[in-house]
Amino acid sequence: MKRVLGAAVALLAVGGACACAGVLGPATASANTECQDGKLCLWGQTDYEGCKVGMQGDEAYYNAVGWNNCAGDIEDKAESVKNRGNCNVRIRKNLGINTGPYVVFARGFGGPDNNPGVTIQDPNLGNGGGNNAGGGWSTSDSMANEFSSHDFCV
Ligand SMILES: [Ca+2]
Ligand SMILES: [Ca+2]
């Protein structure tokens with residue numbers, strides 16, 4: 001009997017996951033609503049949820065940048081990203097902008113459909129992302145909770 005119940009619970013869990021997947025579409029629109037033109041936006045959770053920050057211009061030290069709506073700094077805490085900045089942005093694993101693994105996100109307004117051929121955002125950095133990457137990262141590497149600096153117009 002317990003085993004049957006367990007199976008039922010597992011089925012319910014799968015059903016819940018499917019319901020969540022259905023919500024992922026509108027999250028793209030919310031990334032736009034939540035991120036102003038001209039800014040690179042990071043969120044502390046996947047799907048553009050949780051703590052957030054919008055940054056204009058280069059930022060070499062994420063450990064000195066705070067969230068807009070949460071306590072603490074943003075270093076190594078981003079799980080989703082959108083670039084509504086005026087240029088492509090290169091985000092790095094290390095503090096100080098100029099060394100180590102990096103990933104490039106193109107700039108763009110609107111969702112992915114409005115920006116064919118380039119990656120302007122990613123709802124889940126845990127499975128990789130970006131337009132291109134280097135310095136030890138590929139676009140398929142996990143980048144969740146790794147971002148520490150960025151510079152624009154690369
Ligand atoms: Ca991803
Ligand atoms: Ca880092």
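Asp 76 lies in the loop between β2 and β3 of this predicted model. Although Asp 76 is not a glycine, its phi is positive, at about 60°. Most residues other than glycine have a negative phi. With regard to its surroundings, Asp 76 counts as partly exposed because 14 C-beta neighbours lie inside 10 Å, a count that falls between the limits of 12 or fewer for exposed residues and 20 or more for buried ones.

The loop between β2 (49-55) and β3 (80-83) also holds Asp 58, which is partly exposed because 14 other C-beta atoms are found within 10 Å. Once neighbours within four places in sequence are left aside, the contacts of Asp 58 are with Ile 97, His 150, Asp 151 and Phe 152. Ile 97 has a positive phi, near 70°, in a residue other than glycine, and Ile 97 is partly exposed because 18 other C-beta atoms lie within 10 Å, where 20 or more would be needed for a buried residue.

The chain as a whole contains one helix and eight strands, and along the sequence these elements follow the pattern α-β-β-β-β-β-β-β-β. Of the 154 residues of the chain, 29% count as buried. Among contacts between residues at least 6 apart in sequence, 57% join residues that are at least 24 apart.

The average pLDDT is 84, and 79% of the residues score at least 70. Over residues 4-27, however, the pLDDT is below 50, and this stretch has five contacts in the model beyond near neighbours in sequence. Where pLDDT is low, the predicted coordinates should not be read in detail.

In one of them, four strands are arranged in the order β2-β1-β3-β6 with antiparallel pairing; the edge strands are β2 and β6 (121-122), each of which pairs on one side only. Within this sheet, β1 and β2 run antiparallel and are joined by five bridges, and Gln 45 stands opposite Glu 49 in β2. The two strands form a hairpin with three residues between them, and in its turn Asp 47 has a positive phi of about 60°. β1 is also paired with β3, in the antiparallel sense and over four bridges. Two of the residue pairs between these strands may be named: Cys 41 has Lys 82 in β3 as its bridge partner, while Leu 42 has Val 81 in β3. In a regular strand the side chains alternate between the two faces of the sheet.

The other open sheet likewise has four strands, here in the order β7-β5-β4-β8 with antiparallel pairing. Its edge strands are β7 (132-134) and β8 (149-152), each pairing on one side only, and neighbouring strands of the sheet are turned by 20° against each other on average, when direction is ignored. Strand β4 (residues 89-92) and strand β5 (residues 102-105) run antiparallel and are joined by four bridges, and the bridge partner of Arg 90 in β5 is Val 104.

The largest nonpolar core has 22 residues, among which Leu 42, Ala 78 and Val 103 touch the most other members. At least two residues of this core are supplied by each of β1 (40-45), β4 and β5, and β1 gives the most, with four residues. Leu 42 has, apart from neighbours within four places in sequence, contacts with Lys 52, Val 53, Ile 74, Ala 78, Val 81 and Phe 147. Of these contact partners of Leu 42, Val 81 is also the bridge partner of Leu 42 in β3, and Ala 78 is one of the core residues that touch the most other members.

Key: Residues are numbered from 1 along each chain as its sequence is written. Chains are lettered from A and ligands numbered from 1 in the order in which they are written. This is a predicted model: local features need pLDDT of at least 70, side-chain atom pairs count only at pLDDT 80 or more; totals for chains, interfaces and linings use all residues. Two residues are in contact if their C-beta atoms, placed from the backbone, lie within 7 Å. Two strands pair if DSSP finds at least two bridges between them. Axes are lines fitted to C-alpha atoms, for helices over the stretch in contact, and angles run from 0 to 180 degrees between N-to-C directions. A nonpolar core is a set of buried Ala, Val, Leu, Ile, Met, Phe, Trp, Tyr and Cys residues joined through C-beta atoms within 7 Å. pLDDT is the predictor's confidence in each residue, from 0 to 100.
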